[in-house]
Amino acid sequence: MKTEVIPFREFMNGDYKKSVDQTTKILTATLPALVLITPKLAFAATADATFGNVHKAIMNAFDAGVVLVIIFAGASWGFGHRTKAIEILIGVSCGYILARHAVDIRNFLRGI
């Protein structure tokens, strides 16, 4: 166990607390799992790989990430951070819908 000396004024002001961005926490929690879950096709795409295959592989990894973020939001809610959990759930839901329908949106905009 490492002992750290904190100046008294910083302790009284609350400046000694190191704040970690919420996004950093989520990324550090989900990135190792995404690396393990991502299919080899996404990393070893050859000239024969089509956009559909790459998109499918990326979406499989994205699905796993969305599930992990939803679990994180549920845990946040359970620990009393309800407003932050709702914000995370709305954000991940909107992002998931946009990512899942990206090709449909592209085709719609192309037809205009």
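What share of the 112 residues in the chain is buried? Buried residues make up 14% of them, where buried means under 20% relative accessible area, exposed over 50% and partly exposed in between (1.4 Å probe, protein chains only). This is a predicted model, in which local features need pLDDT of at least 70 and side-chain atom pairs count only at pLDDT 80 or more, while totals for chains, interfaces and linings use all residues. Residues are numbered from 1 along each chain as its sequence is written, and side-chain values use heavy atoms, with hydrogens and water left out.

**Fold and confidence**

- The chain has 6 helices and 0 strands. Helices (H or I, at least four residues) and strands (E, at least two) are DSSP runs, numbered from the N terminus.
- Read from the N terminus, the order of elements is α-α-α-α-α-α.
- Mean pLDDT for the chain is 78, and 71% of the residues score at least 70. pLDDT is the predictor's confidence in each residue, from 0 to 100.
- Among the elements, helix 5 has the highest mean pLDDT, at 93. Helix 3 (residues 40-43) has the lowest, at 53.
- Of the contacts between residues at least 6 apart in sequence, 54% join residues at least 24 apart. Contact means heavy atoms within 4.5 Å.

**Helix 5**

- Helix 5 has 19 residues. From first C-alpha to last it reaches 27 Å, close to the 27 Å expected at 1.5 Å a residue. The expected span is 1.5 Å times one less than the number of residues.
- Ala85, Ile88, Val92 and Ala99 are buried in helix 5. They sit on the same side of the helix, because they cover an arc of only 70 degrees around the axis. The arc is that of the directions from the helix axis to the C-beta atoms.
- The face turned away from that buried side carries exposed residues: Thr83, Glu87, Ile90, Ile97 and Leu98.
- Leu89 also lies in helix 5. Its relative accessible area is 27%, so Leu89 is partly exposed.
- Leaving aside neighbours within four places in sequence, Leu89 is in contact with Ile70, Ala73 and Trp77.
- Leu89 and Ile71 are 18 residues apart in sequence. Their C-alpha atoms are 9.7 Å apart in space.

**Nonpolar core**

- The largest nonpolar core has 6 residues: Ile26, Val66, Val69, Ala73, Ile88 and Val92. Helix 4 and helix 5 are the elements that give two or more residues to this core. Helix 4 gives the most, with 3 residues.
- Such a core is a set of buried Ala, Val, Leu, Ile, Met, Phe, Trp, Tyr and Cys residues joined through side-chain atoms within 4.5 Å.
- In soluble globular proteins, nonpolar side chains tend to be buried together.

**Salt bridges**

- The structure holds 2 salt bridges. A salt bridge is a side-chain nitrogen of Lys or Arg within 4 Å of a carboxyl oxygen of Asp or Glu.
- Side chains of opposite charge can pair when their charged atoms come close.
- Asp63 and Arg100 form one of the bridges, at 2.7 Å, N to O. This pair links distant parts of the chain: Asp63 is in helix 4 (residues 51-78) and Arg100 in helix 5 (residues 82-100), 37 residues apart.
- Asp63 is partly exposed, at 22% relative accessibility. Arg100 is partly exposed too, at 33%.
- Glu87 and Lys84 meet in a salt bridge at 3.6 Å, N to O. About one helical turn separates Glu87 and Lys84, because they are 3 residues apart in helix 5.
- Glu87 is exposed, with a relative accessible area of 51%. Lys84 is partly exposed, at 31% relative accessibility.

- Ser76 is found in helix 4. It counts as buried, at 9% relative accessibility.
- Not counting residues up to four places away in sequence, Ser76 touches His81 and Ala85. Ala85 is one of the buried residues of helix 5.
- Thr30 lies in helix 2 (residues 22-37). At 8% relative accessibility, Thr30 is buried.
- Beyond its neighbours within four places in sequence, Thr30 is in contact with Leu68 and Val69. Val69 belongs to the largest nonpolar core.
- Thr30 and Val67 are 37 residues apart along the chain, and 9.7 Å separates their C-alpha atoms.
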